[in-house]
Amino acid sequence: MSGATIQKTLQKQVYQSGIIKEKHELCKRTSGAREINIQQVFYNGKELLLFEEITRLEEYSPARTEKSILKKIASGLMEQYGAYEFIELGPGDHSKISILLNATKGMNLKSVRYLPLDISQTAIRSSAESLVNTFPHLHVEGYALDFLSQFEPIQREPPTMICFFGSTIGNFEWAESLELLRNISLQMKKGDVLLLGMDLIKPEAVLHGAYNDAQGITAAFNKNILNSVNDLINSDFQTSDFDHLAFLNKEKFRMEMYLVANREVSVHSPHFIKDLQLKVGDSIHTENSHKYNSRHIQAIVEATGLKLNYTHTDERGWFALTEFQRG
Ligand code: AVJ
């Protein structure tokens, strides 16, 4: 079976389902061991829970560092921009936006609006409920859609603060991420701010540890992708047939994650024309996590035409919250 065939069937299935707009890409490499691509961009249910567990790991610092930076800059941002409408792309939980909302508490504002755009309707609903209880002056307007789609039609009064936290952008190929950010920038109105969380290049040992934690949570998170695929295409991938592999690709400035077959594997799905046969060592490329430096940030400025107002980092320079503005 050719890779292209799988890709076609999967896409059809994805578009038919309507609700699960996961982006899957399956292809076959031409030489050497086979490598299949299943890159999952959206977190739903179990992935989200496992990811939350990852953020609590000693070895995994991005989420923690981002929040500590945000706590330091929140009130300054509120004063500087006077943007009390927040759009958050793929919030997952509401821990990051709460930090900004907290900074609006003493300001005696008539109203603050929060517009989360997330694939998971359940996540949005539960966040909305708990947020309106904590912040009485808050209006939450959630949108269950993937953040790759347009938000321009949403009624809003600029300046809006568009928050894209967690280095979620890092899951995208570099060229794709520039395209996505350009698309976002085109939807920004004069004065709108984009607050972008970016995980920075750091020592290889630290990066390696963050994606190869001692408790094996990252491995479980990676393997769980197979369960999502099984749900999506009724396949019978067994997580125990695969080993977790994560390493730094220095040329591409990213951590790459794979699942490597530890035995001969045969996978069946009604969406496959023929069973998928894997040999020991064949791998499934499951995720990329890009790491950035100041040149990448400059390239974003050039690709989007946005103004870079400030780059906030921690003492170690391991994470950045970058402030872009539409002039
Ligand atoms: C949610 C995409 C930022 O790339 O670090 C963590 C996902 N994958 N461990 C990341 C992830 C494995 C995470 N992002």
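Ser98 belongs to helix α4, which spans residues 95–104, helices being DSSP runs of H or I with at least four residues and strands runs of E with at least two, numbered from the N terminus. With a relative accessible area of 16%, Ser98 is buried, a term that stands for under 20% relative accessible area, whereas exposed stands for over 50% and partly exposed for values in between (1.4 Å probe, protein chains only). Apart from residues up to four places away in sequence, Ser98 touches Leu131 and Phe135, contact being defined as heavy atoms within 4.5 Å.

The model is predicted, so that local features need pLDDT of at least 70 and side-chain atom pairs count only at pLDDT 80 or more, while totals for chains, interfaces and linings use all residues. Residues are numbered from 1 along each chain as its sequence is written, and side-chain values use heavy atoms, with hydrogens and water left out.

In the side chain of Tyr211, an N or O atom is 2.5 Å from an oxygen atom of the ligand, and a polar side-chain atom of Ser289 lies 2.6 Å from a ligand oxygen atom. For Glu287, a polar side-chain atom is placed 3.0 Å from a nitrogen atom of the ligand. Of the 360 Å² of accessible area that the ligand has on its own, the protein covers 97%, as computed by the Shrake-Rupley method with a 1.4 Å probe.

Terms used:
Polar contact = N/O pair within 3.5 Å; in protein donor to acceptor, adjacent residues only side chain to side chain.
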